[in-house]
Amino acid sequence: MIDLNSWPPLYALMYLVLPFVFGMIGMGIGLYLAYTRLPAMLEALKHCRDVMLWANLKDAGPFGRLILLARISATVLFPRLLVKRGLADLDDIQHFPLRLR
């Protein structure tokens, strides 16, 4: 077990606080992408049934946009399963803009 009492106070504070800081940075990047790049992503994947089923979440506030962004990310990262089930269009995924990947 890690004994934080033997650590210098600054190291212990960094060990406890930095995971939350990195989490907030990641959440900020996700919100930035969700509010600025989401329309372009939806346009690029307009033939993917799976993404279009979740597309109404773009109007559900920040949390809904983050869920939709996660869904789009999963579609682009793991297309084989969705294409096999007929939920994604392989052409849309292959022609997804590189700057949005």
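Asp50 is buried, at 3% relative accessibility; the term means under 20% relative accessible area, with exposed over 50% and partly exposed in between (1.4 Å probe, protein chains only). Asp50 belongs to helix α3, residues 49–54. Helices here are DSSP runs (H or I, at least four residues), and strands are runs of E of at least two, numbered from the N terminus. Beyond its neighbours within four places in sequence, Asp50 contacts Arg71, Thr75, Leu82 and Leu87. Contact means heavy atoms within 4.5 Å.

This is a predicted model: local features need pLDDT of at least 70, side-chain atom pairs count only at pLDDT 80 or more, and totals for chains, interfaces and linings use all residues. Residues are numbered from 1 along each chain as its sequence is written, and side-chain values use heavy atoms, with hydrogens and water left out.

Next, the helix packing. Helix α1 spans residues 9–36 and helix α4 spans residues 61–77. Their axes come within 9 Å and cross at roughly 90 degrees. Axes are lines fitted to C-alpha atoms, for helices over the stretch in contact, and angles run from 0 to 180 degrees between N-to-C directions. α1 and α4 are therefore roughly perpendicular. That label covers 65 to 115 degrees; under 35 counts as roughly parallel, over 145 as roughly antiparallel, and the rest as oblique.

From α1, the contact draws on Met27, Gly30, Leu31, Leu33, Ala34 and Tyr35. From α4 come Gly61, Pro62, Arg65, Leu66 and Leu69. By class, this contact has 8 nonpolar, 2 polar and 1 charged residues. Ala, Val, Leu, Ile, Met, Phe, Trp, Tyr, Cys and Pro count as nonpolar, Asp, Glu, Lys and Arg as charged, and the others, Gly among them, as polar. Arg65 also lies over the face of Tyr35, 4.5 Å from the ring centre. The criterion is NZ of Lys or CZ of Arg within 6 Å of the ring centre and within 35 degrees of the ring normal.

Now the segment before α1, where Leu4 lies. Leu4 is partly exposed, at 26% relative accessible area. Leaving out residues up to four places away in sequence, Leu4 touches Ala12, Tyr15 and Leu16. Leu4 and Tyr15 are 11 residues apart in sequence and 9.0 Å apart in space, C-alpha to C-alpha.

The whole structure holds 1 aromatic pair. Trp7 and Tyr15 form it, edge-to-face, at 5.1 Å centre to centre with 75 degrees between the planes. Rings of Phe, Tyr and Trp (its six-membered ring) pair if their centres lie within 6.5 Å; planes under 30 degrees apart count as stacked, over 60 as edge-to-face and the rest as tilted. Trp7 is partly exposed, at 31%, and Tyr15 is partly exposed, at 42%.
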